[in-house]
Amino acid sequence: MPRSLCIHGHFYQPPREDPWLDDILPEGSAAPAPDWNTRILRESYAPLGWARRLDREGRIGDILNCYEWTSFNAGPTLLRWMDRHAPDTLRRMVEGDRTSAARWGHGNAMAQVYHHVIMPLATPLDREVETAWAVADFTARFGRAPEGMWLPEAAVDTPTLETLAAAGIAFTVLAPRQARAVAVLDGIAPANAAWQPVHEGSLDIGLPYRAELPSGRHIDIFFYDGPISRAVAFEQLLRDGEIFWRRLADAARALPAPPGGERGESGPGDRLLAVCTDGETYGHHFTFGEMALAHVLAQGYAGRDGVALTNFAAFLHRNPPRMRVLLHEPSSWSCAHGVERWRSDCGCTDGGHPGWNQRWRGPLRQGLDAVKQGLDAHFAAAGAALFRDSKAALLAYGQVLAQSGDPAAREAFAAAHLAPGIAGRQADAAWKLLAMQEAGLASFASCAWFFDEISRIEPVNAMTCALRAMDLCTATGGPDLLPRLAEHLARAASNKPEEGTGADILSRTVLPRRGTDASLVLQALWRLRAEHGLPAPGGTATHAWPGAEVDVTLDAPDTHHAGPSTGLAGGAITGTAALRLPQEAEGRAVRFTWQPPGPDTPARASRVTVRPATEPDAAETSLSVADLPVNARQALLLALLHGDERREAPRRAALTRQALALVDPWEEAQHDMPASHLWAGLAPQLGLALVAEAPAPGLPGDDEIAWRQGLELLRSLQPTPRQRRGLHLLVQEHLLDLLAAPAPDWAGLCGAVERTREVAPDFDWWTVQNRMWERLQHNGAAEGAQARQCAALLGFRV
């Protein structure tokens, strides 16, 4: 009997972007990476696109794109971030889907509900919107309509399945314990065949099942193998790829024959073993887990032990359901109590604090529900005059989100959905209403309730998204919903006495994150000064985040510009700032006065004062660096530290001292160092010179001696981890440039590789190896012996 194997990865990160800047600010818990998206990209998403298979000597024999051979879904909010920050990895995902579609007739990729909301707890409109936006994003990224859709936490009920079926989704995947009863489909057995109760241990997971819906529609359901999926996720099964394969092959061969007997490969005799885990399991939760997976995939595509790889859609095409199923409703894969994990203290949690409670979940859910009810009512009332059909506009807004960098998408949307004659401030209000709904939905991402404490980053991010939505509500003439949220959060007690209640966290941690005109201007001035330098008097410079742009135009010359070599003299700076946010149709301008840091102004006391440029008598708003939230201050700190690498020594020293003044006093003490150590800032450039500039060939002479002296100097500088990362980035860029040449100087590249091993013994060769592999795959033996020698130096079997 043929056996098929499908390994599925669920790739998801909650929306981490600051909802005003649309950019992720530093997340300290993700160290040494600046944020969790970046960290997990490096540990999991990217390694899965370039998974190594090593020979017995530890040399690279193959590099596998796991996305070509595994089923996967990726959250739209994660893919949006990857589109900006990791396009190569996103390309591997898309290529994997395209290659699998050519191989099996159906692609590996599945769609995922847009914001990872718990669908049984969502309103009918929100379920419809989340599904429509997910379809739009998937279609834009993968170039085809989705066949399957992953439900967040596999949380399901009949209304959720109706929503998916109405959107044209053919199948989804659930945990085996979510099945309640099965029966043979009408037409295959006598009508109204008896329902047979099932549980995780008795359900035949080797077949797809059909869920028949009250509307007359249906949707097909796969069930994954629970014990093996748990072993992959929690029981160290990834420690050895061969052990992993044997477990899978044994389980596949043990699947029972289906009802009706065996009919060959394309009939009901085909059996499927499906294993589903979080995709982050491979590499992030278990280091080198992607290598164990690559070994398994290699066995599968070779057909070892009579087991062949496939994906859900391809298997469903060959094996339409012969059985129907009833589900436990509502139910999910990560809560034994249905969906209570996302609204009550049910006992399901993760976080490592057994004595803590989660009674805060109810008030958080109730507060955000109350806010969303207010947002929906305002959208319906205000949108009636702005859109041709406000619901149709909301459903179609996913197409704009999926093509956020394309002005043509906004223009097409406006032409199709804005009411005739809507322009100017009315158009601005329409776009704000849509952004309001997007931020409101983002506040319901499931991670806010998943863990054990309301002061964690996930609930705080949820409240921050809700704050953005509430601000857009009031900006478009709607009610102030903040008191409504605070009232509920006052009943949400933290497990940490020092944190107080959810209302305290809202006031102390969330409200300072609000993106006001003053905070945007203050951050833009600091970033410009650190990264590029302020414009000349009368000139204009722009700092742009994905979600906001600030044009700064300075007034007359002042003492700040008197010292062009340092630019550090004191004195207030005045000018005009133009602010533009993509969610808004119209920008706005403010006048500002900024007191930059100087001898009499500590960095944390640097303050900006703003008022509307067109209203000279309007009230002023003032904000200091100390008033910014800690993640925004950390972003300024990183900008200063990175920016100073491009400055001359005196300015580097001054900016470094200012950077240290932005952090808390205990952090400042940790970073305190003699001024002479600032010379270590030369380490990245010195290291690059040592890699790029080879000593003259022949007997050791002046060049060789000078090179060795430079290496000794580099080592004596004792660069910090940040400076070593800077060195590694510069060296990596240099090596990639050498590899990108149409006719590389292979001898020169070999020398650079050897020098890199001396200059940076801890250099990470991963990206360079990937580029070398791609070049060899495209050009093959045409590269010649020197190319093969270089490949051997990089660890390949040649």
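This note goes through the predicted model in numbered points, from overall figures to single residues.

1. Basis. The model is predicted; local features need pLDDT of at least 70, side-chain atom pairs count only at pLDDT 80 or more, and totals for chains, interfaces and linings use all residues. Residues are numbered from 1 along each chain as its sequence is written, and side-chain values use heavy atoms, with hydrogens and water left out.

2. Confidence. The average pLDDT (the predictor's confidence in each residue, from 0 to 100) is 89 for the chain, and 89% of the residues score at least 70. Residues 261–267 stay under 50, and the model gives them 16 contacts beyond four places in sequence; a contact means heavy atoms within 4.5 Å. Residues 663–679 are also below 50, with 14 contacts beyond near neighbours in sequence.

3. Overall make-up. The chain has 27 helices and 20 strands. These are DSSP runs numbered from the N terminus: helices are H or I of at least four residues, strands E of at least two. Of the 798 residues, 56% count as buried, where buried is under 20% relative accessible area, exposed is over 50% and partly exposed is in between (1.4 Å probe, protein chains only). Among contacts between residues at least 6 apart in sequence, 69% join residues at least 24 apart.

4. The six-stranded sheet. This open sheet runs β15-β16-β17-β18-β19-β20 with antiparallel pairing; two strands pair if DSSP finds at least two bridges between them. From one strand to the next the twist averages 25°. Helix α18 (residues 517–531) packs on the sheet and touches β15, β16, β17, β18 (588–595), β19 (607–612) and β20, its direction making about 110° with that of β15. Axes are lines fitted to C-alpha atoms, for helices over the stretch in contact, and angles run from 0 to 180 degrees between N-to-C directions. Within the sheet, six bridges pair β16 (residues 548–554) with β17 (residues 573–580), and Thr553 stands opposite Thr576 in β17.

5. The β2–β3 hairpin. Strands β2 (residues 51–54) and β3 run antiparallel, joined by four bridges. Ala51 has Leu64 in β3 as its bridge partner. Five residues lie between the strands, and Gly58 takes a positive phi near 80° in this hairpin. In β3 (residues 60–64), four of the five residues are buried.

6. Salt bridges. A salt bridge here is a side-chain nitrogen of Lys or Arg within 4 Å of a carboxyl oxygen of Asp or Glu; the count is 38. Arg210 and Asp220 meet at 2.7 Å, N to O. Arg210 is in strand β10 (residues 209–212) and Asp220 in strand β11 (residues 218–223), so the pair ties together parts 10 residues apart in sequence. Asp270 and Arg318 form another, with the closest N and O atoms 2.6 Å apart. Asp270 is buried at 2% relative accessibility, whereas Arg318 is partly exposed at 25%. Glu27 and Arg16 meet at 3.2 Å, N to O, and both are buried.

7. A charge to check. Asp452, in the loop between α14 (447–450) and α15 (457–475), is buried yet has no salt bridge; the nearest side chain of opposite charge, Arg456, is 4.7 Å away. For charge, Lys and Arg count as positive and Asp and Glu as negative, while His and the chain ends are not counted. Beyond four places in sequence, Asp452 touches residues including Asp350, His353, Trp356, Trp360 and Asn495.
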